[in-house]
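This report looks at the salt bridges of one structure.

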Amino acid sequence: MTGTVWVKLCLKPKKPPFDFNLKMGFSAGGGKPTPAVFEGGVWRRAFRVEGRLVPVAASPAGTVDAPILTVSVPREFRRVLREVARRVSLLLGADGDPRPLYDFMGRDPVLRVLKERLYGLGCAGRMSTTVYEGVVKAIIQQQVSIRVAEKVTGNLVEAFGDRVLYGGEAYYEFPTPQTLAEASLEGLRACGVSWRKAEYIREFSRAVSEGRFNPEELYGKDPEEIVRILSGFRGVGRWTAELVMVASMGMNVTPADDLGVRKAVSEFYFNGELQDADTVRGVAEKWGRHARDVVVHLLYANRLGLKPKRNMAS
């Protein structure tokens, strides 16, 4: 941000603990804009606010137990700084209170260890600012690893997303429905998606851009109704719909058909013996309103290669 004039807002997460770097280790896209990028301790992306593209940067201050997020925008956008900070808070999970979650985890021998080893991961954030963005990302994630999905998403954002240059850095926003609706299948395929996924993304984007469907109206609907509505689109089924609900809408739903979720739960509760989706759902039901956040802890622990003490599983 050298050579530019920024204004900042010091945002306190709702309740500590909050470990910014730990959260970035779970959600950052490995250098590719997804559209957020985390480099040199700074999280940055662009937001579309009131028809303009606003560059945004966020970085930590304070400590895990007394955290502060510094959210910055160029001076000409200072009027929308509070709205921008609200979106950052939502994406990073700074709007949640992790204390009830940690109280719950402390009563489970498996989760108590994860609470201690991932202290400050706290409440899960979101992977998108809109449901539309979440659906496209979920389609990309079908049957590939999260790392591959992040790379492909980054390619898509670089090729089709809006961007603004500020202080020598590029700040990206996710592609609009109209842009992806008008994209060629060859152009989408060049980003790394399969031909089928390219078709699914373009068809869904056309429905949104032409006003035939508004994904943001899914908020407030019952999970089964959301599954039914989204499954009406080619290439979208229960797994994709549940991923959208949990990762983009903040709903307490467990995508138990996801292989990564099944592996993580199996590793920590079944001595690594892979369980089916119904068994995983049965375990998640015991976590109640904390299921979404517990799943994120298990996924992160599994990604880091953390191993449970086998005599702890129950």
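## Salt bridges in the predicted model

E150 counts as buried, at 11% relative accessibility (buried means under 20% relative accessible area, exposed over 50%, partly exposed in between, with a 1.4 Å probe and protein chains only). The model is predicted: local features need pLDDT of at least 70, side-chain atom pairs count only at pLDDT 80 or more, and totals for chains, interfaces and linings use all residues. Residues are numbered from 1 along each chain as its sequence is written, and side-chain values use heavy atoms, with hydrogens and water left out.

E150 forms a salt bridge with R147; the term stands for a side-chain nitrogen of Lys or Arg within 4 Å of a carboxyl oxygen of Asp or Glu. R147 is partly exposed, with a relative accessible area of 42%. Both residues belong to helix α6 (residues 146-160), 3 residues apart, about one turn of the helix. Helices (H or I, at least four residues) and strands (E, at least two) are DSSP runs, numbered from the N terminus.

| Pair | Closest N and O atoms |
|---|---|
| E150 and R147 | 3.0 Å |
| R234 and E199 | 3.0 Å |
| D278 and R281 | 3.4 Å |

D278 and R281 both lie in helix α13 (residues 277-285). D278 is exposed at 58% relative accessible area, while R281 is partly exposed at 24%.

By the salt-bridge rule, the count comes to 21.
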